Amino acid sequence: MAVTIFRKGYKRSIIGKVYKDKGTDKVGTTQNLRPIMAKKGGLFPGEKAELSLSLKGSHQNATVICLKIKNFLEVSSSIEAVRDTLNRISRISADSKTVIYENNENIFMIFAPSKTKTFQNEKDALGLAQKIKDILQHHNKIFKQKIEFGVSINNGAIVANQTPKGFEFMSFGNLLSQSKRIASMSQGEVLLEEKVKEKLGASIKV
């Protein structure tokens, strides 16, 4: 049974990082936040995405960053510091025109073409993921309460619909579960699913 699960669930991941190098980016290969959630309606302010099990809308290929906070319950002792750090991440995510879907310790930043107005979101996602990593690493340097995290970037199909109430989406296949699994493998670095690396193509070195 273990071998079967491993074979079906295993996907190669690549550590991703953007370097400024004369026009060429290089990529290396390889609870209790609940008080905040109760007051703010979630970890992050701003526009939220709602997951729907049955939805009519536009079919599109989305790039998804998953930020997994591994010590989700433990960090409640530093609520103010955590809130400030997450607010910084929220602001830069909004600047990248993402919508955020929260699922307990997993926070998804979704690059939907209907929001970003482009089908080529992988490079922007890689840049945002590295900024998120840098912010969290800086937090861990100056605060006693560390945030244990993993970051992944994945790519897959969704159906999306913008309503007066907000952004609704439904994912196909194992997009969200695979993103969570890859983020859980990460030890503070950015892991790329192989499809994302292929989409980035010649614009990066791996």
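This is a predicted model: local features need pLDDT of at least 70, side-chain atom pairs count only at pLDDT 80 or more; totals for chains, interfaces and linings use all residues.
Let me start with Ser152, which is buried, its relative accessible area being 0%, where buried means under 20% relative accessible area, exposed means over 50%, and partly exposed lies in between, with a 1.4 Å probe and protein chains only. Residues are numbered from 1 along each chain as its sequence is written, and side-chain values use heavy atoms, with hydrogens and water left out.

Ser152 lies in strand β7, residues 149-163; strands here are DSSP runs of E with at least two residues, helices are runs of H or I with at least four, and both are numbered from the N terminus. The side chain of Ser152 reaches the backbone oxygen of Ser179 at 2.9 Å, and this is a polar contact in the sense of a pair of N or O atoms within 3.5 Å, where within protein one must be able to donate a hydrogen and the other to accept it, and where residues adjacent in sequence count only if both atoms are side-chain atoms. Leaving aside residues up to four places away in sequence, Ser152 touches Val64, Ile65, Cys66, Ser179, Ile182, Ala183 and Leu191, a contact being heavy atoms within 4.5 Å.

What surrounds this strand? Of the 15 residues of β7, 12 are buried, so β7 is largely enclosed by the rest of the structure. Two strands count as paired if DSSP finds at least two bridges between them. β4 and β7 run antiparallel and are joined by 12 bridges, and Ile69 stands opposite Phe149 in β7.

Moving on from β8, Phe172 is placed in the loop between β8 (166-171) and α6 (175-185). Is Phe172 buried, partly exposed or exposed? Phe172 counts as partly exposed because its relative accessibility is 38%. Not counting residues up to four places away in sequence, Phe172 touches His59, Ala157, Ile158 and Val159. Phe172 and His59 are 113 residues apart in sequence, yet their C-alpha atoms are 10.0 Å apart in space.

Now to charged pairs. How many salt bridges does a search of the whole structure find? The search finds 1, with a salt bridge taken as a side-chain nitrogen of Lys or Arg within 4 Å of a carboxyl oxygen of Asp or Glu. Glu105 forms a salt bridge with Lys68, and the closest N and O atoms are 3.4 Å apart. This pair links distant parts of the chain, since Glu105 is in the loop between β5 (99-103) and β6 (106-111), Lys68 is in strand β4 (residues 58-69), and the two are 37 residues apart. Glu105 is partly exposed at a relative accessible area of 23%, whereas Lys68, at 14% relative accessibility, counts as buried.

In the loop between β5 and β6 we also find Asn104, whose phi is near 55 degrees, a positive value in a residue other than glycine. Asn104 is partly exposed, with a relative accessible area of 37%. Lys117, in the loop between α4 (113-116) and α5, likewise has a positive phi, near 65 degrees, in a residue other than glycine, and Lys117 counts as exposed because its relative accessibility is 67%.

That brings us to helix α5, residues 122-142, whose 21 residues should span 30 Å at 1.5 Å a residue, and the end C-alpha atoms, 31 Å apart, agree with this; the expected span is 1.5 Å times one less than the number of residues. The buried residues of α5 include Leu128, Ala129, Ile132, Lys133, Ile135, Leu136 and His139. An α-helix has 3.6 residues a turn, so residues three or four places apart point the same way.

Finally, the whole chain. The protein chain has 7 helices and 10 strands, and 48% of its 206 residues count as buried. The chain exposes about 10,800 Å², of which carbon and sulfur atoms supply 52%, the accessible areas coming from the Shrake-Rupley method with a 1.4 Å probe, and for residues only the protein chains shown count as cover.
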